[in-house]
Amino acid sequence: MTDPSEALASANAAADRLVRAKRLNACITPPRELRKSLVAQAQAAHPSGVLYGMPVAVKDVICTLEFTTTCSSKILEGYHSPYEATAVAKLKAAGALIAGKTNCDEFAMGSSTEHSAHGRTLHPFDKTRVPGGSSGGSAALVAVGAVPAALGSETGGSVRQPASLCGVVGIKPTYGRVSRSGLVAFGSSLDQIGVLGRSVHDAARVLAVISGRDARDSTCEDRDPLRLPNVPESLQGFVIGIPKEYFPPDLDPAVRRACDRAIRLLKELGAAVREVSLPHTPYAVPTYYIVAPAEASSNLARYDGARYGPRFNGAADVRALYRSTRGEGFGAEVRRRILLGTYVLSAGYYDAYYRKAQQMRALIAQDFRNAFDRGVDLLFTPTTPTAAFKAGERLGDPVAMYLSDIFTVTANLAGLPAISIPIGRIKGLPIGGQFIGQAFLEDEMLEAAYALERVVPATEEA
Amino acid sequence: MAGPAGTGGPGGAGETSGWETVIGLETHVQVRTLSKMFCGCSAAFGDPPNTNVCPVCLGLPGALPVPNGQALKLAARAALALGCTVHARSVFARKNYFYPDLPKGYQISQFEQPLATAGSLSYLSPERGLATATIGRLHVEEDAGRSLHDRFPGYTAIDLNRCGVPLIEIVTGPDFRSPPEARAYLLTLKQVLEYAGISDCDMEKGSLRVDANVSVRRPGDTVLGTKVEVKNINSFAFVEKALVAERDRQIAVLEGGGTVEQQTMLYDSKANTVRPQRSKEGSQDYRYFPDPDLPPLVLTDEFIAEQQTLLPELPAKKRERLVEKYALSVTDAAVLTADRAVADYYEAVVHAGADAKMAANWVMTEVLGDAKDHGAALRVAAGALANLIGLVRGGTLSHQAAKRVFAEVAERGGEPRNVAEALGLIQVADTGVVAGWVSEVLAAHPTEVSRYKNGETKLQPFFVGQVMKVSRGKADPKLVQKVLEEKLAS
């Protein structure tokens with residue numbers, strides 16, 4: 001669209017759809033505020049932008065000027081960022097409309113969007129289930145068509161896992177592809193803004209806009225924005241590796257069937273399919289749960305009630321202020337990870353945990369390099385071990401919750417790009433398949449995803 | 001409680017009999033940059049509180065650090081000036097602790113892989129002569145903000161202007177054997193860093209801060225005693241006093257049969273005592289780990305070589321060269337090289353044609369005297385001073401007259417010869433005129449003349465003085481002497 005009246009219509013239609021999706025508790029921006037802002041943004045947007053008039057919802061861990069940024073935490077209740085994330089600024093410069101903030105697990109810590117100060121988000125097709133997480137609000141809104149795309153963030157699979165569970169596309173770019181400036185940090189060496197979209201194309205065009213160098217982030221690579229590939233006629237010449245560690249004997253048979261069907265289709269598209277081994281895969285989740293909490297324990301130290309955010313009760317001294325603010329402001333899962341992270345960095349434990357985890361992380365990354373060095377272009381795996389689980393089911397068992405990310409954390413640990421696309425249904429619930437690509441070769445990964453998306457019966461039982 | 005304050009001479013030497021003092025210093029130096037270490041905010045000192053802040057140095061959610069290239073250049077230059085090995089790869093690390101003036105809850109510093117290691121600095125020990133301090137490491141970090149406990153009664157105010165200002169930390173080995181020695185090292189360090197343009201090293205403004213590790217042991221012991229960290233030494237004037245106070249405290253404890261506890265002491269300059277820092281809950285564990293927001297700092301050989309070429313000649317080298325090139329005494333060279341601006345000025349005067357020895361005397365007396373009264377300003381241009389010295393050497397001006405001309409040029413400017421002429425100070429070297437003055441004086445003092453002629457030759461200076469007086473300082477003293485001798489001999 002290039003006409004201001006179309007942008008305005010798009011803004012109002014998005015506001016209408018977001019109101020209708022209210023039952024999901026996926027968008028945390030109040031409807032009236034949201035509509036007012038969308039209209040104002042549509043009037044201000046520049047018609048020449050490549051995303052002119054496109055509504056894009058933004059996960060609440062990404063700083064925006066239009067709306068509060070609370071990270072779904074009591075400790076940032078009412079917090080207005082005085083600056084906006086680079087990704088958001090780039091979206092706006094491309095003419096997109098920021099369509100409110102989406103619910104998520106507190107500080108992006110979780111896999112179900114149940115750990116939120118705003119309450120849990122419902123699965124779009126079954127209100128007794130979770131949408132996945134932590135970008136569950138973004139996934140749910142895209143799944144019901146309220147927005148064509150939304151920003152999420154990943155530390156261990158928080159875009160791909162809810163994309164898989166909600167039946168949408170989720171892309172986690174290469175670490176350093178998208179600026180992290182304005183993304184509230186959880187595990188800085190793993191964090192990356194990602195995109196959820198109705199289709200590979202919707203997600204990819206948003207990713208292309210937000211990608212590229214940024215002087216505000218020292219870990220963002222000095223590269224031009226991603227260029228979108230064409231939809232390929234076939235996958236002739238592609239070598240796709242199937243890592244056997246991602247298909248353990250106890251894998252849900254329906255997930256296996258969905259993946260087998262997708263692999264068959266990849267072959268029919270002309271790709272050569274080859275089994276590969278990534279032997280350190282079993283150590284990925286334990287490694288992740290040392291590295292991410294360690295970084296989180298430091299990243300979240302700034303929330304102490306001294307400068308911004310609410311203070312909880314009149315404290316006698318500064319130590320008491322810290323204790324009450326952090327004790328009451330953070331939810332249980334965040335506190336658990338801060339304690340875990342503090343422990344693994346402590347004198348006497350650093351070598352046993354943190355240093356060892358860094359060594360294992362290097363081995364996991366080397367596994368991928370080895371596979372790619374042997375001529376494999378891409379890997380294909382299930383995104384999640386199961387379809388959407390029941391709300392509350394894993395709240396009492398953190399390890400079961402952590403294992404939801406067993407197939408996704410590796411790409412974060414290795415810094416590689418990955419995409420989840422819907423590949424079928426299990427008893428009516430969506431399930432995703434994942435491509436993991438080589439660093440900064442998102443274009444190849446997108447080509448394969450485009451091709452598979454066109455032929456895979458994504459809404460059929462596996 | 002603190003032990004008795006030192007009562008002996010410098011360093012309280014009287015009380016150390018039977019004990020050896022061992023001191024190591026950790027010096028934090030603010031690097032002279034316009035902006036902060038990891039953001040674009042001004043690093044200026046003294047601006048209204050909390051005006052030089054942004055999301056990065058305020059530690060707002062989502063804000064990320066980006067290193068200041070100029071700060072890294074200066075840090076590398078400092079390391080090279082101290083003879084350190086600058087590492088091609090160093091790593092920023094987070095030092096985690098909670099404090100209200102530390103907005104992120106951690107300080108970005110360096111830990112396992114510092115910017116530079118293994119340097120040394122030679123300095124003149126008051127007791128041992130030329131001594132060498134080892135520099136164990138030099139690393140880069142950001143400063144914290146300031147907590148003001150006395151600004152508002154019952155409250156602590158936080159000023160975050162200083163938060164994020166670039167610092168280097170320079171850590172010595174346990175190399176100093178007395179408080180005066182530690183002070184001598186610090187002054188030398190300050191001189192080197194000022195020379196190299198790293199920092200203004202102003203302790204009063206906090207741009208140089210020093211913490212000391214102090215222990216005592218019996219002479220001949222090879223094992224170090226328990227070290228105590230002394231903080232809050234806020235002025236060069238207090239360095240020795242604080243170290244003496246802590247040393248004497250430890251000796252008193254040990255001589256009283258006690259043991260020294262490892263702890264942190266704060267120096268109280270008003271009471272001239274040290275007192276233990278309020279103990280934090282448990283011992284502090286900073287949980288250092290590599291900062292994931294900052295890639296390892298990689299410096300190329302070219303970068304390091306360039307910083308080396310950008311280093312000016314350092315004081316020790318300059319001192320040696322001045323002695324060699326201008327035949328100055330070591331003491332004079334030391335005075336002239338104490339400050340880089342003065343040393344450069346001295347050389348400029350010589351290059352402008354002045355005699356090296358005369359120039360040294362002029363700079364050490366008139367120039368430095370004038371600078372002392374005028375905020376260290378060198379008010380007479382080097383070329384003008386060279387001309388002035390030339391006038392003295394050529395006999396055009398007497399030394400006395402030249403000092404008046406110097407003062408006049410310093411105050412109002414102008415070319416020395418013109419100023420001297422305007423003041424009527426040009427020496428009269430015309431024998432006829434001088435002879436006239438001499439005759440006048442001899443006529444006015446017949447008694448002295450006859451005494452002189454009777455052998456009281458020590459009266460000669462009296463006659464010279466009288467002639468100078470009559471000539472109002474304009475007579476050439478050598479000519480006066482010559483004419484006098486002739487006239488009195490006749």
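This is a predicted model: local features need pLDDT of at least 70, side-chain atom pairs count only at pLDDT 80 or more; totals for chains, interfaces and linings use all residues.
Two strands pair if DSSP finds at least two bridges between them. Residues are numbered from 1 along each chain as its sequence is written, while chains are lettered from A and ligands numbered from 1 in the order in which they are written.

**The sheet of chain B**
- Nine strands form an open sheet with mixed pairing, in the order E2-E6-E7-E10-E1-E11-E12-E13-E14 (chain B); strands (E, at least two residues) and helices (H or I, at least four) are DSSP runs, numbered from the N terminus.
- Its edge strands, E2 (85–86) and E14 (273–276) of chain B, each pair on one side only.
- Within chain B, strands E6 (residues 116–125) and E7 (residues 129–142) pair in the antiparallel sense over nine bridges, and Gly119(B) stands opposite Ile135(B) in E7(B).

**Domains of chain B**
- An automatic or database domain assignment divides chain B into domain 1 (19–303), domain 2 (313–422) and domain 3 (431–489).
- Taken over C-alpha atoms, the centres of domain 2 and domain 3 of chain B are 33 Å apart.

**Where chain A meets chain B**
- Contact (C-beta atoms, placed from the backbone, within 7 Å) links 35 residues of chain A with 25 residues of chain B.
- On the side of chain A that touches chain B, helices H8 (284–299), H9 (318–329) and H10 (332–345) of chain A are the elements giving two or more residues.
- H8(A) gives the most to that side, with three residues.

Technical notes. Two residues are in contact if their C-beta atoms, placed from the backbone, lie within 7 Å.
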